[in-house]
Each structure stands twice: as structure tokens, then as C-alpha cells.
Amino acid sequence: MRSVAVVGASAAGLAAVETLRREGFEGTVTLVGDEPHAPYDRPPLSKQILDARWEPDRLPLRSTAQLEGLDVRLRLGAEATGLDLDARAVELADGGCVAFDGLVVATGVRPRRLPGTGGHVLRTLDDALALRSRLAPGRRLVVVGAGFLGAEVAAAARGLGCEVTLLEPAPVPLSHAVGEDVGRVLSRVHTEHGVALRTGVSVVGVRDDRVLLDGGEAVGADEVLLAVGSLPNTDWLQGSGLTVVDGLVCDEYCAAAPGVYAAGDVARWHNPLFGVSMRVEHRTHAAEQGMAAARNLLAAGEGGEGRPFAPVPYFWSDQYDMRIQAYGHLRGHDEVAVVDGDLGERRFVAAYRTGERLTGVLAVGTSPKVLRSWRRAIAERAAWHDAVGGATTAGRGTDREAVGDAGTG
């Protein structure tokens, strides 16, 4: 193998490039990105960048000198528009192409939109700066979607003195992922900080100055943020012969086809630890999968098999003075139990059961050390009864869909 193309100048893509070099690959490495920026960190966009605690110069994941040290060919501001597996070439919007022997797909996701002409989205640095320029004390911001991204933006906007309305179709925000009782706890902090939280409402359209609800009501706004989920960036793979089903479908080695691997938000792979196909949209996971995909690509190029990618996914979210941390696969759980602390005090650890196994843990107001033993138990496939015993049941989940959470950490 003489050349590798990494499509997606993201955390996952950068991790793949660095791993290729660290593992001794001496061939040509090309990193393609549709944004003009070198790889940067995305979680701060909805927090430190949006509330102006940080400026953009703090976001780059590596300095110019460090990127040069990787001897990587950067093709930034170059959107991938097609893939020819027979010719082993990535086609670009500018009419050029990048030839490869091995390929890592790390093109991430894009925000979902709603009918209408208005509304901001938040995925890129430019998105964050555009929204930040419109937020000021007294401005009315309506956030559509009370998932982790919407909640983080609501918190940042309140810190800037905005009037914030948070609209959510579910009766309890995040209940499909974390359970109803935990979802209520995470939501209550917003109302305590002056956010107008409205649940059980369906948005049918967005205009520049209002959000239209099912039933005819219009919610006035100076600015609107759409935080209603994301779509994997796989359109450029149409006609390539690769399997795309809510992400680029891969096996347990992150392989989508011979010599083609995927990593990060775009990758739907079989996680043997939980025995399900999943797609995870978290920053830490993206870097870990980028490393795994690169190692397995190199191993396959040398006639080996590589190692299955079986992580315990991790994510975090900062809202006001509350830090939420979670390990594992929370969606599709059958039971939630509070194993430490108290929900009412917003200082607790909640464990999640799927079948007879411990599959996840979420904590608020605790140190990372508290979660280490729980992470280890999840990784060791601990039985629920052995791990939790007689802890108090806090709620039950209803969403059995095996997909990644939409948290931003």
C-alpha cells in the first residue's frame, strides 16, 4: 500500500492520519476536508465559542508545524462528491480527484433542517460565530430540540442574557436516551435558570422571526436554532457500491470494503462489546475510532486481520454549572437505577440495564474517578445483579433503537 486518503478533516480524520504515521506508514497520506479550516475541536462551539469565553484561535487540534511534521497533503475547502472504488479515487467538487490504495471515510454529519427559510444550525466554526454575533442581552432565542446540543446552546445563551425558549416534542427531554426521571432532572436546571421549556410540542416550520407549531401557534423569535438531530454525510458515496444505512455500514473492524474503513460520526459499525450496530456522535469516540480504523487498514494491507473495535463510548456535556458524563450504550435500555447520590440534589450516578447486563452509566456532579469502576464493569460485560444489586430503580426506557446518542462531547 503506497497511498492513503482520509476524507474528513475532523477529529477522527486527524487521528487516522497521526496513527498511520505513528505506526510507520511511509507512503503518501492525503487529508481532504470540505471546510477551509485545518482540523479543530467541535465541542467548544456550543459552549466556550458561543458564549465568547474562547476565540477561534483556541480550537485547532494541531499547530501548523505539527501538521507539517506529519507530511500530509492537505486538501482543505475541497468537498468530496464521489467515490470510484474500481479506479480507487475520491472525486472532488473542484473537478480534481485523490487516488488511493487505502481509504478512511471520516466525513461526519450535517444538521437536520426543518421546512421554512429561517433558523441557524450549529455544526461548524462558521455556524457558531454567525449565531454568536446575533446573541445579546434581551434577544429572544428559540431553540428547537432539547437534546444535548440544544440544551448546551440554551445554557450559553442564558449566560449571555438572552431570553430563551426551548421547544421539545417529547414529554420529557432525553428520556429515550437517559430515562424519564434522569431526563426530568437534566431539564429542570433550565427552568431554574429562566429558560421557557415547552415539551410535547411539534414544530412544523421556521421563519426568520417565528417558529410555527402544529395547531397554528407561532412562537416569536429574534433568532432560531435548529437542534433536531443530524444526518451522516454519505451522499457522496451514492453509486460507489458501499452499503449506506444511517451511516457507512462497517464490520467490527471498521471495514466497509477491502481497503475502505470508516471512523467517527459517519461510521455505523458492529460493536462486539454490546452485540449491536451503532453510530456514535461523540468527540472522544471519534478519535478512538480514527486510530482503530487506521491500524486495521494497515494490518489488512499487510495481510493481517487487525483487532475488533469494541469501545465503551464516552460523552460529556456542560450546562451552566452542571457537568454530565456517561459511559456505555444507554439507548434502548430496559431499566435505570440510581446507584449513588440523589437525583434531587443533581449529584448522582445512574446505571443502565439492557437484558441481564450493565450497559451504561451516567453521572452528574461527580468526579471522573467515580466512574472508572463502572466503565470497567461495562467493558467486562458485568451482569446487572452483580454490578448493581438492590439499587433503587429510577425509570425505564422505551426506545430500543440501537443508534448513537447526539451529545456533543
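Because the model is predicted, local features need pLDDT of at least 70 and side-chain atom pairs count only at pLDDT 80 or more, whereas totals for chains, interfaces and linings use all residues. Residues are numbered from 1 along each chain as its sequence is written, and side-chain values use heavy atoms, with hydrogens and water left out.

A pocket, in contrast to a cavity, is an open set of points with protein on both sides within 12 Å along at least five of seven lines. The second largest pocket holds about 570 Å³ of space and is lined by 29 residues, of which D34, E79, T107, V109 and N233 lie nearest its centre. Strand 2 and strand 8 (109–111) are the elements that give two or more residues to the lining of this pocket, and strand 8 gives the most, with 3 residues.

An open sheet of 6 strands has the order 3-2-1-7-19-18 and mixed pairing, two strands being taken as paired if DSSP finds at least two bridges between them. Strand 3 (72–76) and strand 18 (255–257) stand at its edges, each with a single partner strand, so one side of each is left without a neighbour in the sheet. The twist averages 20° from one strand to the next. Strands 2 and 3 run parallel and are joined by 5 bridges, with T30 standing opposite R73 in strand 3. Helix 7 (residues 283–301) packs on this sheet, touching strand 1 (3–7), strand 7 (102–105) and strand 19 (260–262), and its direction makes about 165° with that of strand 19; contact means heavy atoms within 4.5 Å, while axes are lines fitted to C-alpha atoms, for helices over the stretch in contact, and angles run from 0 to 180 degrees between N-to-C directions.

A further open sheet, of 3 strands, has the order 4-5-6 with antiparallel pairing, and its edge strands, strand 4 (80–84) and strand 6 (97–99), each pair on one side only. Here the twist averages 20° from one strand to the next. Strand 4 pairs with strand 5 (residues 89–92) in the antiparallel sense over 4 bridges, and the bridge partner of G82 in strand 5 is E91.

Strand 20 (residues 267–271) is largely enclosed by the rest of the structure, because 4 of its 5 residues are buried, that is, under 20% relative accessible area, as against over 50% for exposed and in between for partly exposed (1.4 Å probe, protein chains only). Strand 20 pairs in the parallel sense with strand 17 (residues 248–250) over 3 bridges, and V249 stands opposite R268 in strand 20. With strand 21 (residues 276–278), strand 20 runs antiparallel over 3 bridges, W269 having M278 as its bridge partner. Strands 20 and 21 form a hairpin with 4 residues between them, and G275 in the turn has a positive phi of about 70°.

With a disulfide defined as a pair of cysteine sulfur atoms within 2.5 Å, the count comes to 0 disulfides. C250 is in no disulfide, since the nearest cysteine sulfur, that of C254, is 6.3 Å away; C250 counts as buried because its relative accessibility is 8%.

Two loop residues were also examined. Q48, in the loop between strand 2 (28–33) and helix 2 (64–69), counts as buried at 15% relative accessibility and, not counting residues up to four places away in sequence, touches R53 and W54. L114 lies in the loop between strand 8 and helix 3 (125–132) and, at 21% relative accessibility, counts as partly exposed. Leaving aside neighbours within four places in sequence, L114 is in contact with V144, V203, V206, L226 and V228; the C-alpha atoms of L114 and V206, 92 residues apart along the chain, are separated by 6.8 Å.

Note on methods. 1 Å grid on protein atoms, 1.4 Å probe; cavity = no way out; pocket = protein on both sides within 12 Å on 5 of 7 lines; lining within 4 Å. Points joined across faces, edges and corners; volume = space filled by probe spheres on them.
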